[in-house]
Structure formats: C-alpha cells, structure tokens
Amino acid sequence: RKQTTSTKGLMIINQLKKLDRFNFHGNINWFPGHMAKAKADLSKRLKFVDTVFEVRDARIPFSSANPHLDELTKGKRRVIIFNKSDLADPSNEKKISSFFKSKDQSVRFFCGSRNDRVANEEMIRFALGTKTAKKQDVVRSRPSFQTIGTQYSNFSEDFQKIHNVLIVGIPNVGKSTIINSLKNTLGQSLRADAKTGPNPGVTRQVSSFKISDRPPAYLVDSPGVMVPNIDNTEVGLDLVLTGAIKDIVVSNEVIANWLIYRLWNSGKLGLLSSIPGVNVEEVVKKNDGNTEDFIEEIARAMSFKSVGGEWNVDAASRFLLDRYRKGELGRFTLEDVEMEIEKSRTQSAGLVEKVGTGVSGKKDSKKN
C-alpha cells in the first residue's frame with residue numbers, strides 16, 4: 001500500500017539539519033574513444049553551422065552543460081533547450097530564464113517525449129531566424145534524409161549552400177527524442193527515427209534531415225560528447241544519476257545514496273513516500289544522518305532479500321534509481337538553482353576560480 005507523508009511528517013523533514021557532505025572516494029570520468037573523434041568532428045562542423053540547439057537536462061541545468069561549447073558557438077544563433085522539463089521542479093524555470101536572459105541567451109523548457117507541435121514549430125522558427133512561419137515553407141512532405149559531409153569530399157560546399165542547425169549536448173539529455181518529435185511535427189517517416197534509449201552513447205553517427213524548404217534548412221544530429229575530465233565530484237555524481245554517464249563508473253548503491261542525500265538536503269525526502277510501503281517518517285525519527293537507512297527501508301518495503309536472507313540493498317538501489325529516472329518519484333531538480341546561479345555570476349566576475357564540492361574522500365555514504 002502506498003504511504004503518504006503527514007503534515008507533521010513533512011514539517012519534521014523540512015526541519016532536518018542538512019548533511020554536511022557525502023562521503024565518496026574516487027574519480028568520475030567517462031570519455032570513450034568515439035567521443036574524442038566526435039569532439040574533433042564537432043569543431044569542424046560548427047564552422048558551417050548557422051544555429052545551435054544545445055540540449056541540457058532540466059534536472060541538472062548547469063551540470064549538464066559542456067563548457068567547451070561556449071567558445072565553439074560564439075557568433076552563432078543559439079538556444080539552450082532544457083529537455084525533460086516534465087521531470088524537473090517547475091518553480092525553477094522562471095529563475096533560470098531570468099538568469100540566462102540577463103546574459104542575452106535564449107532558452108526553452110521542453111519535453112521532447114510529448115510531441116508538442118506548437119513548441120516544435122517555435123523551435124524551427126527560432127532556428128531560421130523568423131518570428132512567423134509560412135505553411136508552405138515548413139516541410140510536411142516526403143522527407144529528404146541525407147548524411148551531409150560524411151560521405152562526400154565537398155564538405156564545405158554542402159554546408160554553405162543551406163541553413164544548418166546543429167543539435168548538440170552531453171550524452172542522454174534527449175537529443176534523439178527531440179529529433180523524433182520534430183520529425184513527427186514535420187510529418188516525416190518514422191522509419192528513419194533517431195535511436196533513443198535510457199543509456200548514454202546511443203548516437204554514434206552524424207545524420208541530418210530537412211526542416212524547411214525556404215530557406216533550405218537541415219537539422220544535423222551529433223553524438224553526445226562529455227567533457228574529458230570532471231573536476232567537481234558532485235557534478236560527476238549528478239551526471240551518473242541522470243544517466244549521462246554509464247552506471248558502471250559508480251556502483252548503484254553509491255548513486256542511490258547520493259539521490260537520498262540530494263533529497264535530504266532539498267527537503268524532498270517525502271517524495272520517497274510514493275514507493276508503496278515506505279514509511280519516511282519512521283526512518284527519519286530514528287535516523288542519525290545515515291542515507292543507507294532509506295535504502296534498507298525500500299528493500300524491506302519491496303521484500304528485496306539476498307540469498308543469505310539480508311536485505312538486498314543493490315536491488316533496492318536499482319529499483320530507486322529506475323523510479324527516479326522514469327519520473328515516478330515526482331518532479332525534482334537535483335541542483336540548487338539559486339546557488340548555481342550565484343556561483344556562475346561570481347565566476348563570471350572573476351572573483352573565484354573554483355568552488356568546493358562538499359564531497360569528502362571516504363568510501364561509505366554516511367555522515368561524518
């Protein structure tokens with residue numbers, strides 16, 4: 001039976017003292033060989049691109065950015081698309097929009113899986129630099145699928161003749177889902193859909209499809225490219241949690257405990273009550289700052305046991321991560337948006353070079 005958190009329970013959760021740090025030892029980096037090639041190819045292609053769609057994960061609006069894109073996309077028409085907005089806290093959208101507007105940067109909050117025709121057409125208009133779109137200019141006929149610049153020697157000539165829109169982003173932010181949504185809006189064949197999946201690294205090749213007749217315009221896909229080195233451990237853990245980095249880099253148990261840590265410090269532990277049988281209030285009452293107690297509570301509620309009869313925390317961790325990634329815990333933004341905005345402003349002003357992560361170098365996930 002699904003538990004609910006009482007008003008008193010919510011007050012207790014909101015009054016919990018924040019955990020000082022999450023104990024984790026190790027480096028989080030994932031930069032397979034195909035990404036190095038894709039990064040080099042991206043730099044080449046951007047020379048011939050008119051508009052850039054940079055896709056980020058709305059749950060980690062700052063951590064899902066690739067900082068190399070700022071320099072590479074200078075002088076280009078650019079929009080930052082915060083995809084998976086249906087999984088993030090909507091109360092942050094106005095703050096994020098205002099921050100980027102102050103930097104003269106256009107943003108869109110988007111849910112590629114909804115196939116929103118109006119939102120898709122607005123995206124195409126922005127890409128082409130037009131406020132209004134004539135019906136005869138929007139492609140709604142048989143698609144023209146091409147792979148521009150990958151099979152022919154006249155790479156530069158191909159790109160210079162048409163308006164090119166490049167969609168970029170780190171792995172698993174939903175680029176392929178957005179592409180398929182745009183194709184649906186344009187009435188294009190589903191047989192050539194971009195591959196989608198819950199794991200990063202699905203797109204390996206570069207392909208394109210036509211989005212406009214006048215001007216002739218193509219949307220060009222690109223593989224997700226992660227930064228080679230992630231210095232901030234919190235950023236690395238968030239990237240694994242949202243699926244941008246493969247789970248094999250960090251254990252399920254560590255990432256599940258990191259999610260609990262994020263929920264705890266955001267006053268959102270009550271979201272765990274959406275799991276049938278989980279009594280958040282009882283765990284909080286006897287808890288001394290140990291995130292692992294919540295994983296064991298999930299194992300107990302779901303009757304996950306190992307061969308020896310102990311609670312199977314790995315199974316419980318995988319179960320929790322799966323529910324979070326599907327949005328079944330509720331809408332939750334991992335990052336503290338106000339803090340990230342202030343950090344960005346401070347760094348832009350050149351007042352600091354690096355901000356501490358708040359993650360210690362110990363192997364367990366308990367509070368010091």
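Okay, G169. At 9% relative accessibility, G169 counts as buried, where buried is under 20% relative accessible area, exposed is over 50%, and partly exposed is in between, using a 1.4 Å probe on protein chains only. Before I go on: this is a predicted model, so to speak of a local feature I need pLDDT of at least 70, side-chain atom pairs count only at pLDDT 80 or more, and totals for chains, interfaces and linings use all residues. Numbering runs from 1 along each chain as its sequence is written, and side-chain values use heavy atoms, with hydrogens and water left out.

Back to G169. You'll find G169 in the loop between β6 and α7 (175-185). Helices (H or I, at least four residues) and strands (E, at least two) are DSSP runs, numbered from the N terminus. What does G169 touch, not counting residues up to four places away in sequence? The list is V55, K175, P223, G224 and V225, with contact meaning heavy atoms within 4.5 Å. There's also A65: G169 and A65 sit 104 residues apart in sequence, yet 7.3 Å apart in space, C-alpha to C-alpha.

Who pairs with β6? On one hand there's β2, residues 51-57, running parallel to β6 with four bridges joining them; for two strands to pair, DSSP has to find at least two bridges between them. If you want to click on residues, F53 has I167 as its bridge partner, and T51 has V165. Then there's β8, residues 217-220, which pairs with β6 in the parallel sense, over four bridges. L166 is partnered by V220 there, and V165 stands opposite L219.

Why call β2 largely enclosed by the rest of the structure? Because seven of its seven residues are buried. T51, F53, V55 and D57 are on one side, V52, E54 and R56 on the other, and both faces are covered. Strand β3, residues 77-83, runs parallel to β2, with seven bridges joining them, and V55 has I81 as its bridge partner in β3. V55 is also one of the residues that G169 touches.

Over at β8, both faces are covered too: A217 and L219 are on one side, Y218 and V220 on the other, all buried. Its other neighbour to look at is β7, residues 208-212, joined to β8 by four bridges and running antiparallel. F209 has L219 as its bridge partner. β7 and β8 form a hairpin, with four residues between them.

Moving on to helices, starting with α8, residues 233-241. Eight of its nine residues are buried, so α8 is largely enclosed by the rest of the structure. The buried ones are T233, E234, G236, L237, D238, L239, V240 and L241. At the start of α8, a side-chain oxygen of N232 reaches to within 2.9 Å of the backbone nitrogen of E234. For a polar contact I'm taking a pair of N or O atoms within 3.5 Å; within protein, one must be able to donate a hydrogen and the other to accept it, and residues adjacent in sequence count only if both atoms are side-chain atoms. Just after α8, G243 takes a positive phi of about 95°.

N290 next. It lies in the loop between α10 (280-285) and α11, and N290 is buried at a relative accessible area of 10%. Its side chain reaches the backbone nitrogen of E292 at 2.9 Å.

Last stop, a helix pair. The axes of α11 (residues 292-301) and α12 (residues 313-325) come within 8 Å and cross at roughly 90°. That makes α11 roughly perpendicular to α12; the cut-offs are under 35 degrees for roughly parallel, over 145 for roughly antiparallel, 65 to 115 for roughly perpendicular, and oblique for the rest. From α11, the contact is made by I295, E296, I298 and A299, and from α12 by V313, A316, S317, F319 and L320.

How values were computed. Axes are lines fitted to C-alpha atoms, for helices over the stretch in contact, and angles run from 0 to 180 degrees between N-to-C directions.
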